[in-house]
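I opened the notebook to look up aromatic rings and nonpolar cores. The entries follow in the order I checked them.

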Amino acid sequence: MRILGIHGVGNFRAAPSPDQAAAQLADIWASALSHSGPHEPRHAHDSREEVAVAYYADLLRRQGSQGPGNLDALDDFERDLVALWLDASGLPEATAAGRATAPLRQALAGLAKTRGLGRPATEWFVAICFREVGAYLRGPARQQVRSRVANALAVHRPTTVIAHSLGSIVAYETLWEHPELSVELLVTLGSPLALPHAVFPRLQPAPVDEKGQRPPGVACWVNLADPGDLVAIPPRGVQRCFNGVQEPRNQPIHAFDFHKAANYLASSQLRTLLQKYA
């Protein structure tokens with residue numbers, strides 16, 4: 001099985017080149033998929049050469065005076081995306097969200113408390129996530145990212161594409177743009193594709209009659225989402241909003257790090273799925 005991973009947010013690497021960054025991530029993904037640590041022996045049936053990753057985080061990098069993990073670094077568009085996401089979370093604390101940084105922090109504090117998460121880590125993740133999502137959804141980066149991912153698909157010719165988080169949006173749009181790049185299996189992990197207002201209506205191609213479709217070159221699309229994953233909302237939304245998607249029930253991935261790519265990659269659900277299509 002030839003696997004191409006498409007990473008999500010927070011994966012910028014200060015590597016000398018995008019190819020070297022992609023190779024670093026491929027090692028991490030291969031280790032997670034083999035259910036071993038980076039210094040542990042791999043299972044006999046695994047091969048690191050079977051796993052590649054399309055790297056694009058450098059294309060979403062925005063220079064600024066403040067770090068990318070700081071809420072104050074978000075602009076109005078990015079804060080609006082956060083507010084829409086909080087509203088879709090269904091938590092009453094989210095109603096305080098808006099453009100002002102203080103109400104946004106209050107809403108995130110309520111969210112962190114309700115879900116038993118650390119407040120600083122929650123703020124950092126939200127700032128990173130929506131800065132990159134915002135960078136992708138507007139401006140020239142969107143086409144640049146899709147072009148690079150399309151090139152990786154053409155070079156590696158994977159039978160399976162595994163796309164995590166923001167990478168699921170990238171994969172969906174790239175595969176629609178290039179139907180000639182067919183894959184047997186598309187697996188989306190912790191996907192925000194169905195996020196109302198913020199993501200779903202902004203997709204390219206746009207949904208028709210409030211429904212998206214499986215990309216024409218994809219034979220099978222399976223979506224995996226931990227019930228507690230704050231990015232994959234609304235729950236079971238991908239299956240409801242897109243035709244041609246399988247979404248198994250009861251998919252707990254991890255008690256706390258429910259959006260982390262490594263935990264999805266090492267999950268029994270994904271292992272069973274890959275064995276089925278091996």
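A nonpolar core is a set of buried Ala, Val, Leu, Ile, Met, Phe, Trp, Tyr and Cys residues joined through side-chain atoms within 4.5 Å; buried means under 20% relative accessible area, with a 1.4 Å probe and protein chains only.

I noted that this is a predicted model, where local features need pLDDT of at least 70, side-chain atom pairs count only at pLDDT 80 or more, and totals for chains, interfaces and linings use all residues. Residues are numbered from 1 along each chain as its sequence is written, and side-chain values use heavy atoms, without hydrogens and water.

Entry on cores. I found 58 residues in the largest nonpolar core, and Ile6, Trp85, Leu166, Trp221 and Phe242 have the most contacts inside it. Helix H4 gives the largest share of this core, 9 residues (helices are DSSP runs of H or I with at least four residues, strands are E runs of at least two, numbered from the N terminus). A second, separate core has 28 residues, including Trp29 and Leu224.

Entry on rings. I counted 5 aromatic pairs (ring centres of Phe, Tyr or the six-membered ring of Trp within 6.5 Å; planes under 30 degrees apart are stacked, over 60 edge-to-face, the rest tilted). Trp85 and Phe130 are a tilted pair, because their planes stand at 45°, with centres 5.4 Å apart. Trp85 is in helix H2 and Phe130 in helix H4, 45 residues apart. Both are buried.

I then looked up Phe200 and Phe242: their planes are at 85° and their centres 5.4 Å apart, so the pair is edge-to-face. Phe200 and Phe242 are both buried. Together with Tyr172 and Trp221, they form one aromatic cluster.

Terms used
Buried means under 20% relative accessible area, exposed over 50%, partly exposed in between (1.4 Å probe, protein chains only).
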